[in-house]
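Me: Could you take me through one part of this model closely, from its ends to its two faces and what surrounds it? I'd like one connected account, please.

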Amino acid sequence: MKHLINTQNLTTEEINQIYNRASEFEKSIRKANHINAHIVNMFFENSTRTKMSFEMAENKINANKYDFLADTSSIQKGEDLFDTINNLSAIGMNVVVMRHENNDLIENLSKKQYFQEISFINAGSGTLYHPTQALLDFYTMKKHFLTLSDKTIVIVGDIAHSRVAKSNIELLKKFGMKIRCLAPNNLIGEKIEGVEYFTSLKEAFEEVDIIMALRIQRERIQEKIDFDEYIKNYQITKDNLPYAAFLMHPGPVNRDIEISSEVLEMQNARTILNQAKNGVYVRMAILDMILNAQGL
Amino acid sequence: MKHLINTQNLTTEEINQIYNRASEFEKSIRKANHINAHIVNMFFENSTRTKMSFEMAENKINANKYDFLADTSSIQKGEDLFDTINNLSAIGMNVVVMRHENNDLIENLSKKQYFQEISFINAGSGTLYHPTQALLDFYTMKKHFLTLSDKTIVIVGDIAHSRVAKSNIELLKKFGMKIRCLAPNNLIGEKIEGVEYFTSLKEAFEEVDIIMALRIQRERIQEKIDFDEYIKNYQITKDNLPYAAFLMHPGPVNRDIEISSEVLEMQNARTILNQAKNGVYVRMAILDMILNAQGL
Amino acid sequence: MKHLINTQNLTTEEINQIYNRASEFEKSIRKANHINAHIVNMFFENSTRTKMSFEMAENKINANKYDFLADTSSIQKGEDLFDTINNLSAIGMNVVVMRHENNDLIENLSKKQYFQEISFINAGSGTLYHPTQALLDFYTMKKHFLTLSDKTIVIVGDIAHSRVAKSNIELLKKFGMKIRCLAPNNLIGEKIEGVEYFTSLKEAFEEVDIIMALRIQRERIQEKIDFDEYIKNYQITKDNLPYAAFLMHPGPVNRDIEISSEVLEMQNARTILNQAKNGVYVRMAILDMILNAQGL
């Protein structure tokens, strides 16, 4: 694996390899000692969760980490950013972990020629791609269920603006899962092949194994959202949550919007924090594979 | 020791243990190697001095350090901050070092249940608590004086807004020191039991062993301060400084306000920098004790 | 070497020592293990390139690095900055790497007396000094050419506001190079002894060995710049670039202003990224020499 840009391009073999390696890191069977690796984190969108998770993964594989503080005045267009990264490559950076509001910029940058080999990991781009989140979600599900191909997942909420939803859909389709999306009409976005769409929570939650709630991406939504209407029809509560459902959420949760506080205190909500925990091992695995591919 | 929230709750035994351990770190008798410990610094108020001191302590005990850059848009109420820290706990953070303008938030957060064990160290909260500063002040005094129980300290200046003053008063009372506070009426704040209050510098400085000047906390004071009046009556100068007095200040000093530049060039002022130096050892001791209590 | 403030004060012996040591680091003949060294980066002007380069050098010599985030509210005058650094010295910092818009502040700070020994490295000050850039430029030239004393360099562009130009001129004069400056009248600045000045590119580029283009320092220029006029007369293009010329630029390049995009795709432009690469080794050498001089 040279870059990690999206889940579309990943083979099931690569996904299983990430799963296995993450599992080895979690069980402390595998250790990595990348003392000669230099990784720069370039977050052009706010992130505490994903960034801290990457930083911990970088520390745990004993790599050197760098914080690129995006300065809006020196970086204004994609072309300049290429020059910056080409310089970082010349300085000796081996990996760029990047988050950006543009859907395709990271992929475009990864296709260019640099002074020295440098790999890109997409830590979230626009409304389309968040492959490390999808991979940690997959890791969390696969640890819990013996098989996934016979399971049904319903993804609930702001599908339209969610890179988490789209990356998960691409990934889980590869493993034959039945995928449902539940959202009000204005948050459903462009329909994706192979996905069943619902607007009624009652119907969508019938015989479901996994419920993945999404954060309402207020920062990406132009029109006014009717939160009362959303809460009434789509909030996950003690009353509508199926007893055995495996409840997930990429975080941060908007408390009492997507999920009621009452549910967040229940045992089901522990999965959400397990996702955060698992993210570190998955990112260690990805970094380790990419550095190994570079001979580091 | 699970958390360090304030000096009230510390036993004299714990304080002496911190003193002894800091002393061992200073003499290089003790070394710590917390390579599996992950410490996140969350400073919601500006700090260079305390933050750099904690960072150096974290490096010197070989822990992994993380910088949480407080983003006002994603963190607005205590509840959300709890969710954030619960996620940091899930990711694998072991200790939160926090500074916050709220007096009680850190204590409240420390009482909650998290995904995995996580300890809180208060690096300054509101106008009430700054336990690591008081402990480093205590360490500095105890290194200098054979006994403290027969000594008199006068704390001078902006007592009302000073968490340093209040944490020191609580701490030093435990060791039987005679404590005086000297301030103009508008900076004296609520009176504390067991403390003698003065408004005349001449009287307060009589037969005193230790003088602890405080920074005027301009950022916390609403009303206009009459600096000329303050300087005339309370500035520590070559003329009013008792020859043998042990002069302290938590820093940063407002030059020529609390202390004249002339005094800052004198040998007495060297104590102020010794306080900064000692802070690293005291923080190493606290971190080491808290990590040991977690089995790390 | 106790401090590195400018290129004026460096002896040719010191410069050659930096060259040799950088070369040993590049060839991995020399390794440094400064685990007890603490280096604080204080950048009061934006910098990604130089800062990342210093950070990588600090990591590669196994020193502890700290990021001082300049807070405009606590640091307002030079005197206060002295107090801050005196505290950093007390805390245990061994080296300050500083960038500042003031020409002479870093030198003035380096002459003061601190609590403990602390060395200053100038990472760019005002419009006059950028010694590490000049040293890495020198390293890049010396690696390429057998001798420098018989070579002619032309420095092109915004000489007036360029600390890179001035530091290079001082340094290269010591090695007997013939130095030309080419710029429109409003960017030529005060003339320096021993330098030949040109306003015509055609004349300046005659029989030249090295061309060093400079970034137009828009942030330092008050008056409006006529970019069309500059591009027409001074842009380095495929047509005016001498075939064998060694093309340099300190970066970041303003594409299609100082140098045409076409030239940036040519083999000649690879030198510019080699400068960035070499900077890490040169900074490792400087840090290593300064730490050794402190007995670290």
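This is a predicted model: local features need pLDDT of at least 70, side-chain atom pairs count only at pLDDT 80 or more; totals for chains, interfaces and linings use all residues.

Reply: Happy to! Residues are numbered from 1 along each chain as its sequence is written, while chains are lettered from A and ligands numbered from 1 in the order in which they are written.

Helix 1 itself covers residues 12-26 of chain C; helices (H or I, at least four residues) and strands (E, at least two) are DSSP runs, numbered from the N terminus. Its 15 residues reach 21 Å from first C-alpha to last, close to the 21 Å expected at 1.5 Å a residue, where the expected span is 1.5 Å times one less than the number of residues.

Now for the two faces. Ile18(C), Arg21(C), Ala22(C) and Phe25(C) are the buried residues of helix 1 of chain C (20 or more other C-beta atoms within 10 Å of a residue's own make it buried, 12 or fewer exposed, anything in between partly exposed, with C-beta atoms placed from the backbone). Seen down the axis of helix 1 of chain C, these buried residues fall within an arc of 105°, so they line one face of the helix; the arc is that of the directions from the helix axis to the C-beta atoms. The face turned away from that buried side carries the exposed residues Thr12(C), Glu13(C) and Asn20(C).

As for the cover over the buried residues of helix 1, it includes helix 5 (131-144) and helix 10 (270-293) of chain C.

Conventions
Two residues are in contact if their C-beta atoms, placed from the backbone, lie within 7 Å.
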